[in-house]
Each structure stands twice: as C-alpha cells, then as structure tokens.
Amino acid sequence: MILDAARLALANLFAPETRSVFWKVLGLTLLALIVVWFGLRESFIAFAWPWLQGAFMPDLPQWAGWLTFVFGIVASIGLALGLALLLAPVTAIIAGFFLDDVAEVIEKRDYPNETPGVPLPMGQAIAGSVKFLGIVLVGNLVALFLLFIPGVNLIAFFAVNGYLLGREFFEFAAMRYRSPQEARLFREKHFSTVLIAGLLVAAFLAIPIVNLLTPLFAAGLMVHVHKALSRKDPGFALPQA
C-alpha cells in the first residue's frame, strides 16, 4: 500500500498542475530571499559599516577607499551564500500555502467517485507551514546532537524526521475530511503505517536539491495513504460522491 502511494505521489510531481505549483513556490521563495538580501545589505551599509569603519579603521586613508568597495562585494556574496542555505526551509513555509492545491488535484484525478476534501482555513494553513518548518529544524537539531555517536546519527535523522513528518502530513490529509481530533485518533490507530510512510518522506528530505519538493511529495503521499487506510477501516470510512 505504501509503495503504491509513493509511486503515485512521485508520478504526481510530474503532473502539469504540480509543476505549476512548484514553480510558484520556487518563484515566491526566490523573491522572498532577494527582498531579504536587499534589506540586510542596505541595513548593513547604512548602520553597521559606518560603525565598523569608526571602530576599527578610523585612520583609513582616502586612497584605500577601494577596500570598502571590495569588502562590500565580498559581504554581499557571503550574504547571498548564507541565504542560499535557507532555500529549503523557506520553500517549505511557502509550499504550505499550496498543499491543498496538490491534494485537490490528486483527489479529483485518482478518486473521482469520492467526495473531495475541504481546504484548510488560511490560519490553519499558515500554522501548518510554520509547524512544518519547526519540525524540520528540531528534527535535524536532534540528529545533529547525535552526529558523533557511531551508528546512531543516521538512525536518529530518519526516526525523528520520519515520525514528525509522517504525523504532520498525514493529519493534513486527514483534516481535509475530518476534525483535528478525529484525524489525530485515526493517525494513532494506524501509527506504524504512518511512521513507515513518514520514513519515506525523511528519505526524500535527505536528498539535496530534490528535497525542495519534499512538501509536495509528502502531501501527495499522505493523501493516498489516508485514502487507502480509510477504505480498510470501516470506522473511519469516507463518504462517496
């Protein structure tokens, strides 16, 4: 079941609608990082650089003014490289606003005879995006602390991220049909299945560059997992269209 869900989720990444969502997310991410880059750069030039000159280079001769220009270029490049490290986390935040679009495409295409889910309210979507970022950061901080323990670091990365990502994305898919309380109970009842699916998401997250697609892959995967579990569990069956 999980392998079938993963196959369908991967295929969905190449669907025109999903590609459209990805380019929107990536474009908004780059725009956000460019705005932050300009803001930090101008703030540094206006406030920090005059203080640094006065504190550390008060007697800098005029002929050495080119050093200021060179330092500005180096600092700008360094800032850009630093912000590049935020590409995946910022992408994750912005992608959270489009997960319902991904889920809706899958539900209409692969489950036409079932009632489509209801998109999460905007406030809930924002909270989910922030929570996803927090989960990724906390999970990787835990794994980082265990980095120097042989045989534990890799296990910690997959265990922590698998559990947290599986929980959040499954409940996202479930809450399109259920209350938050019912979604949580459904996840807890099928804990092992959701965890295994979460481990697949963690594996996806571990691949550089490809991990930019993690939220879209995870959302699609958990939509299929939720649908499959709903069919198997009469107590949590979904209404038919």
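"Buried" here means under 20% relative accessible area. Please keep in mind that these close-ups show a predicted model.

**Close-up A. Phe170, Phe186 and Phe236 are linked into a cluster by ring pairs.** Phe186 has a relative accessible area of 0%, so Phe186 is buried. Its ring and that of Phe236 have centres 4.4 Å apart and planes at 15°, so this pair is stacked. Like Phe186, Phe236 is buried.

**Close-up B. Here is one of the six aromatic pairs found in a search of the whole structure.** Between Phe170 and Phe186, the ring centres are 5.7 Å apart and the planes meet at 55°, so the pair is tilted. Phe170 belongs to helix α7 (residues 153-174) and Phe186 to helix α8 (residues 180-189), so to speak of distant parts of the chain, they are 16 residues apart. Phe170 is buried too, with a relative accessible area of 0%.

**Close-up C. Asp100 and Arg176 join their side chains in a salt bridge (2.5 Å, N to O).** Asp100 sits in helix α5 (residues 99-110) and Arg176 in the loop between α7 and α8, so the bridge ties together parts that are 76 residues apart in sequence. Both partners, Asp100 and Arg176, are buried. The whole structure holds ten salt bridges.

Close-up D. Helix α10 carries Lys227, while Glu114 is in the loop between α5 and α6, and the two are 113 residues apart. Lys227 counts as buried at 2% relative accessibility, and Glu114 counts as buried at 12%.

**Close-up E. Arg167 and Glu168 form a salt bridge between their side chains (2.9 Å, N to O).** Arg167 is partly exposed, at 23% relative accessibility, whereas Glu168 is buried, with a relative accessible area of 15%. Elsewhere, salt bridges with shared partners connect Asp100, Glu107 and Arg176 in one network.

**Close-up F. A nonpolar patch on the surface is formed by Phe97, Met122, Ile126 and Val130.** Together these residues have about 380 Å² of accessible area. Ile126 is part of helix α6 (residues 122-145). With a relative accessible area of 38%, Ile126 is partly exposed.

Technical notes:
Residues are numbered from 1 along each chain as its sequence is written. This is a predicted model: local features need pLDDT of at least 70, side-chain atom pairs count only at pLDDT 80 or more; totals for chains, interfaces and linings use all residues. Side-chain values use heavy atoms; hydrogens and water are left out. Patches are made of residues with over 30% relative accessible area and no salt bridge: like charges are joined within 9 Å, nonpolar side chains (Val, Leu, Ile, Met, Phe, Trp, Tyr) within 5 Å. Accessible areas come from the Shrake-Rupley method with a 1.4 Å probe; for residues, only the protein chains shown count as cover. A salt bridge is a side-chain nitrogen of Lys or Arg within 4 Å of a carboxyl oxygen of Asp or Glu. Helices (H or I, at least four residues) and strands (E, at least two) are DSSP runs, numbered from the N terminus. Buried means under 20% relative accessible area, exposed over 50%, partly exposed in between (1.4 Å probe, protein chains only). Rings of Phe, Tyr and Trp (its six-membered ring) pair if their centres lie within 6.5 Å; planes under 30 degrees apart count as stacked, over 60 as edge-to-face and the rest as tilted.
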